[in-house]
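Q: I am new to this structure and would like a close look at one part of it. Please start with the whole and then go to the part.

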Amino acid sequence: MKIFKIIVVSVFLLVFTTPLSMAQEATLEFQNAAKAMETAQTYATALQAGDVATMNAQFATGAMIYGLGGGLDSLTVAQHNDYYTTSTNQFTHSLSQELYLPVKVTNNWNEGEWILSWGINTLTNKASGETIKVPYHSASRMENGKITFMRYWYDMLTILETQGFKVTPPAN
């Protein structure tokens, strides 16, 4: 019985103390924060200028981009180039209410130096002059002053509604 109690206590301690020892650590102040912010802001400024080459220059070799075009698949830097070349030919992008937050995460699956950004992307159709405001968020992992991973989230429903799609609730 004594061995059984020792085993139960040991399992209890192992199960309930392991998550505490695996807790992530994050900081908003780190050595490369200023350079990472500069890279993210250069990317955003280039988007507004329609300068896809400068946008792509912010990526590291082999970088991957996720969430553009409403797709769940990834884009390479070359595919990102094609996507934004098409977009900037059709639309003017104007960012407002921008917010950038540098974060360094250690001891977790998402370890690295990140720039999180939020804002409103106002798209103006160059042919018709119509505008649409799209709230967005992006998370970019940075290494050596370059973006190695970027994930976009944005209000896809607003875009679909401007294209004539309607959301109809189910009939009860």
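What share of the 172 residues of the protein count as buried? And what can be said of helix α2 (residues 33-49)?

A: This is a predicted model, in which local features need pLDDT of at least 70, side-chain atom pairs count only at pLDDT 80 or more, and totals for chains, interfaces and linings use all residues. Residues are numbered from 1 along each chain as its sequence is written, and side-chain values use heavy atoms, with hydrogens and water left out.

Of the 172 residues, 33% count as buried, that is, under 20% relative accessible area with a 1.4 Å probe and protein chains only, where exposed is over 50% and partly exposed lies in between. The protein has five helices and seven strands; these are DSSP runs numbered from the N terminus, H or I of at least four residues for helices and E of at least two for strands. From the N terminus on, their order is α-β-α-α-β-β-α-β-β-β-β-α.

Now to the part itself. Helix α2 has 17 residues, which at 1.5 Å a residue should span 24 Å; the expected span is 1.5 Å times one less than the number of residues. The end C-alpha atoms of α2 are 24 Å apart, so the two agree. Buried residues in α2 are A33, A36, T39, A40, Y43, A44, A46 and L47. An α-helix has 3.6 residues a turn, so residues three or four places apart point the same way. Just after α2, G50 takes a positive phi of about 70°.
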